[in-house]
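Open the model in a viewer and keep the sequence panel beside it. The stops below say what to select next and what is found there.

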Amino acid sequence: MTNPIVQLQHVEKVYGDKTVLNDIQLNLYPGEFLALVGMSGGGKSTILRLIAGLEAPTAGHLSREKGLVMRVMFQNDRLLPWLTNLDNVSFKNRDPEVISEAKSLLHAVGLTDKSTGYPAQLSGGQKQRLALARALLAKPQLLLLDEPLGALDALTRQRMQDLILKIFTEQKLSTLLITHDVNEAARMADRIIVVRDGQLVAETTGARGQSPEAVAQTAARVLQAILSEEPVTS
Amino acid sequence: MQEVTTLTQQPKRRARRSVNWLKVLPWIVPLAILIGWQAAVSFNWITSSLIPAPTTVIQDGITLWQNGELPKNIAISLYRATAGFAIGGSVGFVLGLINGLVKPIRALLDSPIQMLRNIPHLSLIPLMIILMGIGEPAKIALVAIGVMFPMYINTYQGITGADPELLEMGRAYGLSRRALFTRVIFPGALANILMGVRYALGVMWTTLIVAETISATSGLGYMATNAQEFMRMDTVLLCILIYALLGKLSDVIAKNLERLFLSWRQGGVDA
């Protein structure tokens, strides 16, 4: 079997006297789309933050493939309001190659005509598309999505899902999606893991590319796993 | 089945050409005061020897300009103001920047600066006169001290108030410390820093005028005090009018700096 690009072994995270994650064992494989689902406060975002290196585990071992390039897309866009949209992607790098790459990414997310404008002039969906373009500039092998579509309306959300899936397929990115939306997880992921009270309690296969009925069935299974104490099987 | 009705937009009626009232409004109150003042003197509601008419004040201004008294005093005041602002503003800005960025220096310097800040700087006038006499350095130093604190406080707050989420994003995206400062921290602090500039410009004039009123042989403050000794109300009022104009000029400079550096704030959602 392929070696995982990220491996968490017996990982624990404690804030003060509150244990947020308990004995997490998780492998992330190259080219896979993994979704972590669960209710708010369950610890799924903390797993992403540990993988991204934004926080350190209290106990256990977390290893990443050497030289692994990761980029995070946060729930809020975290764009720099004082930079133009193009500069937000390139971080004002003046290297012609970087600028050219940033322009082609803006084209890929459908924001070519907004390159000289500022984030304040964009809608919520456009801001997240811009944030996606920014995340892709470094050509990451692993894309970490921390509920980036949570605040979008249903239609924009579906369009963003399609865009992420298109990029995932084209660029063969490994992707970790954190979401509380079971339909989103079922529709996008290869593998879905349910996080509850700081533990990984169930795992199932996603229904990406399958019929709407299959997606709905998977979503129902995942929802049941979130709400019940029993594990689910794929 | 429900029918779908296509909604078409009515063509917008062409807006009538009208006066831009927003541009006119700011002038109404000053103009009304001038007209009221002129009328009050012309109709003898107030004694012209006590409060001369605006026309008399303007006439006095022209005479003083022609004999070189006014340009000389304005020039010396502007020199003191800009020199004091440049020195105090730079020191305040650099201190705010360093204290905002480097924690050990902050621990060392912030507390004494806060103590000094709470001393009313105009109370330092006697000290300055004793230490530096009534020459230029004393007045420039006083303006510099007055200007330094608002610049320090606002720069410091701007730097330390950098959005932690943007900082986290910058670090997660591999920005160097330098890039983190130039792309995230400093631009985020700029609004605060410019607010410091605006406030410091106000303090600059107040300090200078008080300093020139108490201990000077030239400058606008001196001109007003001198006129008061000779009961020249027209010159006193002329000086007050010039203060108002210089205050307005400072405001225009501050606004233009904000427009230049904070242009990204303009504009809303267009899609």
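**Salt bridges and ground rules**

Over all chains, the structure holds 22 salt bridges, a salt bridge being a side-chain nitrogen of Lys or Arg within 4 Å of a carboxyl oxygen of Asp or Glu. This is a predicted model, in which local features need pLDDT of at least 70 and side-chain atom pairs count only at pLDDT 80 or more, while totals for chains, interfaces and linings use all residues. Residues are numbered from 1 along each chain as its sequence is written, chains are lettered from A and ligands numbered from 1 in the order in which they are written, and side-chain values use heavy atoms, with hydrogens and water left out.

**Stop 1: chain A**

Select chain A and colour by secondary structure: there are seven helices and nine strands (DSSP runs numbered from the N terminus, helices being H or I of at least four residues and strands E of at least two). The radius of gyration of chain A, 18 Å, is close to the 17 Å that the globule rule gives for 234 residues, so chain A is as compact as a globular protein of that length. That radius is taken over C-alpha atoms, and the globule rule is 2.2 Å times the number of residues to the power 0.38. Along its principal axes, the C-alpha trace of chain A spans about 50 × 40 × 35 Å.

Now select residues 6–222 of chain A, where an unreviewed UniProt entry places "domain: ABC transporter". UniProt positions are given in the numbering used here, feature names are shortened, and annotations may be inferred rather than shown by experiment. This stretch of chain A is 35% helix and 28% strand, with its end C-alpha atoms 24 Å apart.

Next, show the side chains of A:R191 and A:E32, which form a salt bridge with the closest N and O atoms 2.7 Å apart. A:R191 lies in strand β8 (residues 191–196) of chain A and A:E32 in the loop between β2 (18–28) and β3 (33–37) of chain A, so the pair ties together parts that are 159 residues apart in sequence.

**Stop 2: chain B**

Switch to chain B, which has ten helices and zero strands. Its radius of gyration is 26 Å, well over the 18 Å that the globule rule gives for 271 residues, so chain B is more spread out than a compact globule. The C-alpha atoms of chain B fill a box of roughly 85 × 65 × 30 Å along the principal axes.

For "transmembrane region", the unreviewed UniProt entry lists five ranges to select in chain B: residues 21–40, 78–102, 114–134, 203–223 and 235–254. Residues 114–134 of chain B are 57% helix and 0% strand, with the end C-alpha atoms 28 Å apart. Residues 235–254 of chain B are 100% helix and 0% strand, and there the end C-alpha atoms are 28 Å apart.

**Stop 3: the interface**

How many residues does the contact take from chain B and from chain A? The contact takes 19 residues from chain B and 24 residues from chain A, where contact means heavy atoms within 4.5 Å. Select B:Y173, B:R183 and B:W264: in chain B, these lose the most area to chain A, together 36% of what that side buries. The area buried between the two chains is about 2,100 Å², of which carbon and sulfur atoms give 60%; buried area is the accessible area (1.4 Å probe) that two parts lose on being put together, summed over both.

Across the interface of chain B and chain A, the rule finds three salt bridges. To see a salt bridge here, show B:E168 and A:R49, whose closest N and O atoms are 2.3 Å apart. Finally, select α7 (164–172) and α8 (177–214) of chain B, each of which supplies at least two residues of the side that touches chain A. The largest share of that side, five residues, comes from α7(B).
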